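User: Please give a close account of one part of this model, together with its surroundings. State each cut-off where the term is used.

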Amino acid sequence: MLGSAMNIAAFNVGIAVAPWVSGLVIDAGPGLPGIDWVGAAFALAAVASALLDRNLTHRHRLATPTPAPAVTEAPEPASTFR
């Protein structure tokens with residue numbers, strides 16, 4: 001549940017931050033063409049984040065030992081009748 005909440009929170013942060021940064025860029029001087037660069041920067045950050053996650057997940061899988069296989073045979077049930 002925490003992962004789902006963080007995912008939605010990240011979307012909401014992106015929805016709030018991207019227009020704010022775009023507004024700052026427009027006010028700074030480049031005008032509307034500057035928004036393209038803001039979008040490209042956010043896209044590059046997203047790709048970099050995905051590649052970092054992939055790398056860290058791969059490293060974690062290599063460092064984590066594989067668990068021993070579970071016992072598949074059930075023990076003999078004790079008889080209650082004698």
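Analyst: The secondary structure of this protein consists of two helices and zero strands, where helices (H or I, at least four residues) and strands (E, at least two) are DSSP runs numbered from the N terminus. The model is predicted, so local features need pLDDT of at least 70 and side-chain atom pairs count only at pLDDT 80 or more, while totals for chains, interfaces and linings use all residues. Residues are numbered from 1 along each chain as its sequence is written, and side-chain values use heavy atoms, leaving out hydrogens and water.

The part examined here is helix α1, which covers residues 2-28. From its first C-alpha to its last, this helix of 27 residues reaches 38 Å, close to the 39 Å expected at 1.5 Å a residue (1.5 Å times one less than the number of residues). After α1 comes G29, with a positive phi near 140 degrees.

Areas come from the Shrake-Rupley method with a 1.4 Å probe; for residues, only the protein chains shown count as cover. An α-helix has 3.6 residues a turn, so residues three or four places apart point the same way. F11 counts as exposed because its relative accessibility is 53% (exposed is over 50%, buried under 20%, partly exposed in between, with a 1.4 Å probe and protein chains only).

Leaving aside residues up to four places away in sequence, S22 touches I35 and V38 (heavy atoms within 4.5 Å).

In helix α2, residues 34-63, G34 has its place and is buried at 5%. G34 and G23 are 9.6 Å apart, C-alpha to C-alpha, across 11 residues of sequence.

For the whole protein, 5% of the 82 residues count as buried. The accessible surface comes to about 7,600 Å², with 69% belonging to carbon and sulfur atoms.
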